[in-house]
Amino acid sequence: MSCCGASPDFEELDAVSRLVAQKLAAFLRTLRDNGFRIGIAEGRDAAALMAAGYAERPGLFRSALKHLFSARKSDWDRFDGLFDAFWLGKRVRSRSLAKGTAKAANNPSLKSLQDGTQAGGQSATDQVPSGDDAPEGRSGEGRMEGASRADNLAEVDFRKLAEPEQIAQAHEAAASLAKAMRTRLTRRDLARRRGHRLDLRRTIHRNISHGGVPIALVKRKRKDKPLRLVVLLDASGSMSAYTGVFLRFIHGVLDEFREADAFVFHTRLAHVSDAMKEKDAARALDRLSLLAQGAGGGTKIGESLQTFNRAHAARVLHSRSCVMIVSDGYETGDAALLGREMAQLAKRCRRIVWLNPMMGWQGYAPEAKGIKAALPHVDLYAPANTLKSLAALEPYLTRL
Amino acid sequence: MKSRDEIAKGLAISGYIADNELATAISLMQLLKRPLLLEGEAGVGKTEVAKALAHLHATELIRLQCYEGLDQSSALYEWNYQRQLLAIQAHRGTDSIEDQIFSEKYLLERPLLAAIRRPTPPVLLIDEIDRADDEFEAFLLELLSDFQVSIPELGTIRAISIPHVVLTSNGTRELSDALRRRCLYHYVDFPDVDREARIIMARVNGASASLSLQIARMVEGVRKEELRKVPGVAETLDWAAALVGLDVRDLHDAPETVQETLMCLVKTQEDRARLTREVSMRILGKVA
């Protein structure tokens, strides 16, 4: 029985079936709003299932549609709730929307996108340093009133950027820096590919026309895994002055970088690659600010890393991966756990780079318990409080 | 076409105890002619589904194990170069040699080509698709939608029968959306106590109902411990076989043997150290 043959024309349906078909279409829309990727073929197959009598038993119908429409575990886990909410009128819809954290928020409905814009506006004010930092910021700004404003900007601590214009400028600079780095990194990667070993089978094949005398040799090229970058960004309150610029920088690096993943953490970890793949930087940041807005409380780096190691590491890390952690290392959880999880992580990837904006401050020493526990497993511990220090990372990354 | 209950029964006969949802998925495979993508932790029996499916349809199982660097020549077809060379040497001077050496006689069938050339539709198991490269995944997608293969020297080979395709993935790499959308999706979870006990009884000779239930409960307890490598169904079966082989009738009668045979369940040094005597006795204590 073919899927297409089973679906009758819309006109031929009686009134009830037509109503059901409309309802099905509405259900598909609900699922799409919730981040399910459903094409036309799936809708047609669903209609075929209804025609085949699956709709007569709700349990069976739910199970059948679940297999058809889910494409990954997060879909699989959320489907029953969405189905019940839509078809049986149970009040779980809003809950399952909120529960599907990363995925749901990455593919938000129109309404949540609008909310997101508002949230974005709020987070922009976050970047303005408050309290005791503010006067310093003003004095720094005074010094910069020169002709070569852009150059100076490179050496100014991000937290001292107060004017919206300056922040915007820093964002632009971070994005273009990221773009330049990405291009150079990938190009060098291509140039390095060289084959060493002889491919016997292909050599014989190529030389059949010479009666099997191996004249033209075919070498086997070892396929180089492209460098993969995984960024874990601390978005807790203590980092708020830096989060904005780093998000923009990460967006720049990830954009079109084939092998990259980004996570944001504060008290929990959220996978944000999907939001980051958004071409338009402003929209990507809007979507992200939804996720990045933490409870405002502490940072559980150890716990977040544990989640990462358990749930994501196997998928996103391979032997040519570099993990970049951007955090001030103020751990409010268990510092010993952080040490253990760092050791785990170090086993799985090539390099761990820890960027600590605070390190650029004068007289800063890594005293925080968290950073002390983590440091033995870190390959490069660098400041990243200015554009210049970000740019200084590039030579290191190319050597990976 | 078989109904869901018939499918569940058929799978049970071949030794696979399926839940209702999996039986639904298999009936959908027939109805919609879509491949089935199985995801889940290692050791929950994803590969077994394909074997049981082959048994259910009384057909052949063709397996393609994916790995990094898997290419067309080992997945689809390859010319038998050695044989071609021999033919050239043997028939030196004849003109028709070129037509001869590019005929089916000199073609080596690999799993994918074999699967579409069987008179009765076989079960094609594409195991651990996440280990193959992106390029291979794209190529596979094309094959799964058209079911035809073009060989430049020979022409296009169309499918004689459309195989039942089962793909499995362990999640070591994110699969493309296109492939996911093309497939029916089923997440294989660890079985619940009742189902695991039935699995043990079906697969281990001599395991009584009460012992199977005890083992299943014990394993459930072990899975709740924070282990690095959670024991799968295969480990459970190993352990059950070990206990039956050592003539254990009741876990409470032989706590020593239980502790000593736990190596069937946990496979890393770290986990072994975590399952101390106290821990395993505590879990055993909860097992009725």
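**A hairpin and its surroundings in chain B**

Tutor: A hairpin of chain B links E6(B) to E7(B) through three residues. This is a predicted model. E6(B) covers residues 148-151 and E7(B) covers residues 155-158. The two strands run antiparallel and are joined by four bridges.

Phe147(B) sits in the loop between H8 and E6 of chain B. Its phi is positive, about 50°, yet Phe147(B) is not a glycine. That deserves a note, because most residues other than glycine have a negative phi. Phe147(B) counts as partly exposed, because it has 18 C-beta neighbours inside 10 Å and the buried class needs 20 or more.

Glu128(B) lies between E5 and helix H8 (134-146) of chain B. Glu128(B) is not a glycine either, but has a positive phi of about 55°. With 19 other C-beta atoms within 10 Å, Glu128(B) is partly exposed.

Now E5(B) itself. Five of the five residues of this strand are buried, so E5(B) is largely enclosed by the rest of the structure. Val123(B), Leu125(B) and Asp127(B) point one way. Leu124(B) and Ile126(B) point the other way. In a regular strand the side chains alternate between the two faces of the sheet. Here the residues on both sides are buried, Asp127(B) included.

E5(B) has two parallel partners to consider. Strand E2 (residues 61-65) of chain B pairs with E5(B) over five bridges, in the parallel sense. E8(B), residues 164-169, is joined to E5(B) by four bridges and also runs parallel.

Next, the packing. The largest nonpolar core has 86 residues. Leu53(B), Val166(B), Leu184(B), Ile200(B) and Ile215(B) touch the most other members. Ile215(B) gives a detailed example. Leaving out residues up to four places away in sequence, Ile215(B) touches Ile200(B), Thr236(B), Trp239(B), Ala240(B) and Leu243(B). Another core, of 52 residues, lies apart from the largest one; among its members are Leu229(A), Phe246(A), Cys322(A) and Leu390(A). In soluble globular proteins, nonpolar side chains tend to be buried together.

Then the interface. Contacts join 26 residues of chain B to 27 residues of chain A. On chain B, H2 (20-32), H5 (81-90), H9 (177-182) and E9 (184-187) each supply at least two residues of the side that touches chain A. H2(B) gives the largest share, seven residues. By class, this side of chain B has 11 nonpolar, seven polar and eight charged residues.

Of its 13 residues, 10 are buried, so H2(B) is largely enclosed by the rest of the structure. Among the buried residues are Glu21(B), Thr24(B), Ile26(B) and Leu28(B). Lys33(B) follows the helix and has a positive phi, near 55°.

Last, confidence. Chain B has a mean pLDDT of 88, and 99% of its residues reach 70 or more. E5(B) has the highest mean in chain B, 95. Helix H6 (residues 97-101) of chain B has the lowest, 77. Chain A averages 69, with 61% of its residues scoring at least 70. Within chain A, helix H9 (residues 133-143) is lowest, at a mean of 34, and helix H4 (residues 58-69) is highest, at 88. Residues 1-8 of chain A have a pLDDT below 50, and the model gives this stretch 18 contacts beyond near neighbours in sequence. Residues 187-194 of chain A also stay under 50, with seven contacts beyond four places in sequence. Where pLDDT is low, the predicted coordinates should not be read in detail. For the model, ipTM is 0.79 and pTM is 0.65.

How values were computed
Residues are numbered from 1 along each chain as its sequence is written. Chains are lettered from A and ligands numbered from 1 in the order in which they are written. This is a predicted model: local features need pLDDT of at least 70, side-chain atom pairs count only at pLDDT 80 or more; totals for chains, interfaces and linings use all residues. Two residues are in contact if their C-beta atoms, placed from the backbone, lie within 7 Å. Ala, Val, Leu, Ile, Met, Phe, Trp, Tyr, Cys and Pro count as nonpolar, Asp, Glu, Lys and Arg as charged, and the others, Gly among them, as polar. A nonpolar core is a set of buried Ala, Val, Leu, Ile, Met, Phe, Trp, Tyr and Cys residues joined through C-beta atoms within 7 Å. A residue is buried if 20 or more other C-beta atoms lie within 10 Å of its own, exposed if 12 or fewer, and partly exposed in between; C-beta atoms are placed from the backbone. pLDDT is the predictor's confidence in each residue, from 0 to 100. Two strands pair if DSSP finds at least two bridges between them.
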